[in-house]
Amino acid sequence: MTYTKKTVHGAWSSRFAFILAATGSAVGLGNIWKFPYITGENGGGAFVIVYLLCVLLIGIPIMIAETMLGRRSQKNPIEAMEVLTDEAGADHNWHYLGWMGVIAGLLILSYYSVIAGWASAYILKAFTGSFLDADALTIKKIFDDFVASPIQLIFWHSLFMLATMLIVVRGVNNGLEKAAQYLMPSLFVLIFALVGYAMTTDSYFQGLHFLFMPDFSKLTSNSVLTAMGHAFFTLSLGMGAIMVYGSYLSKNISIAKTAFLIAGADTVVALLAGIAIFPIVFANNLHPNSGPGLIFETLPIAFGSMTGGWLMGILFFVMLAVAALTSAISLIEPAVAWLVENKDFTREKACVWSGLVTWALGLGTVFSFNIWSNVKFFDRSIFQLLDYLTANLMLPIGGFCIAVFSGWIMKKHHSEQELNMPNETSYQIWKLLISYVAPGSVFLVFLHVIGVL
Ligand code: PHE
């Protein structure tokens, strides 16, 4: 396989490397931390079905489109949109789409890093045996005491940001590719083991029931928005991460096939995480809607009581932190790529600046769990506001624009050539989804939320 493009960040060494990096970006806290807790908050089954539908009808077509735009332009998202509008003879305002992506990435990373810090702190807690034979109450107290301490959260947030910057500074394919190659499959195995543990609890079927039996009366328009937003979040769509990765992808690779593979792996990990967590929730009389602490209040119970749980606990949180790391680098890569390619920053300087800004923003999330927990905007804490703004608004808006651009603005023969699908029917199906179904659904959900529909 030949890789023609050599940019400041390097090109992927193989198709497998791209799949690994894009899966690394997709699979992260979104699957293991966020999916279970928002499913718990939104009543289970019905929410899961909406989420799955969104992945299939909106997420996958947009993932194909976003990778395509990246590969066609071979540029960072802001410049990519400039190059592509030129090619299509369209209005230049489209480059604001790239801007929004860069900003969304930094905003997401600001809170993502705080939560990844929690996962990192839990490696140490697992190591020192804090969970051994602990009951649900003790585990909850460990979590509550931890998030009540701004100093501890700042420490772990800083450590995680530092790790992210150290990797990003070296470019995407130095070392991380290799690390992800082993760690991602191991994470998969470990989640399977946790599902095994969940099967031994009395509440296994209650957990499955909660996750897969839809009760549509529990679905509000905001849950639909959350499910849709999460489809974007979990697949890393709508902010340019996949576009940047696509820009390093060689021309002879089937984008559609790759997108299915990545979305499939991502969805399986999320569902398995749910299957592992909810039985533990019910077996210990915990509440599925306990919020962002859900995995930290449930999984340690399993680690504390199962055979080999000490080691499993350590490994699990190590892998969670690594999965978060491979997502974090893709959140900041659009900003760094833009500073390097357009603003003549050295890669080091670009990393330091974007890292510092993100770190400082992250303090807002840190404090929203303790000293500023009463500070509310529109009834939301700073963390909740950032999450809502990015996952529920910016990513879907970004995705909507990517769909409209790919379906309506880009010339048909260009997208057809770039996607190079095996047959005309597949292309037509994608074209239909990207022109009508995906943007139409996003639009309808928004209308519903603001009460027009
Ligand atoms: N997809 C990542 C996750 O599920 C988060 C992410 C969102 C990464 C957007 C990049 C871009 O954890």
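How many cavities of 30 Å³ or more does a search of the whole structure find? The search finds 7, where a cavity is a set of points, on a 1 Å grid over the protein atoms alone, at which a 1.4 Å probe fits but cannot get out.

## Basis of the model

The model is predicted, with local features needing pLDDT of at least 70 and side-chain atom pairs counting only at pLDDT 80 or more, while totals for chains, interfaces and linings use all residues. Residues are numbered from 1 along each chain as its sequence is written, and side-chain values use heavy atoms, leaving out hydrogens and water.

## The largest cavity

The largest cavity holds about 120 Å³ of space, a volume being the space filled by probe spheres set on the points, and this cavity is the space taken by the ligand. Its lining (residues with an atom within 4 Å of a point) comprises 16 residues, with Ser 25 and Leu 331 among those nearest the centre. Of the lining residues, 10 are nonpolar, 6 polar and none charged, and α14 contributes the most, with 3 residues.

## The ligand and its contacts

The ligand is surrounded by 14 residues, including Gly 30 and Phe 233 among the closest; each has a heavy atom within 4 Å of the ligand.

Polar contacts are pairs of N or O atoms within 3.5 Å. A side-chain N or O atom of Tyr 112 lies 2.5 Å from a ligand oxygen atom, and a backbone N or O atom of Ala 26 lies 2.9 Å from an oxygen atom of the ligand.

Key: A polar contact is a pair of N or O atoms within 3.5 Å; within protein, one must be able to donate a hydrogen and the other to accept it, and residues adjacent in sequence count only if both atoms are side-chain atoms. On a 1 Å grid over the protein atoms alone, a cavity is a set of points where a 1.4 Å probe fits but cannot get out, and a pocket is an open set with protein on both sides within 12 Å along at least five of seven lines; lining residues have an atom within 4 Å of a point. A molecule sits in a cavity or pocket if more than half of its atoms lie within 2 Å of its grid points. Helices (H or I, at least four residues) and strands (E, at least two) are DSSP runs, numbered from the N terminus. Ala, Val, Leu, Ile, Met, Phe, Trp, Tyr, Cys and Pro count as nonpolar, Asp, Glu, Lys and Arg as charged, and the others, Gly among them, as polar.
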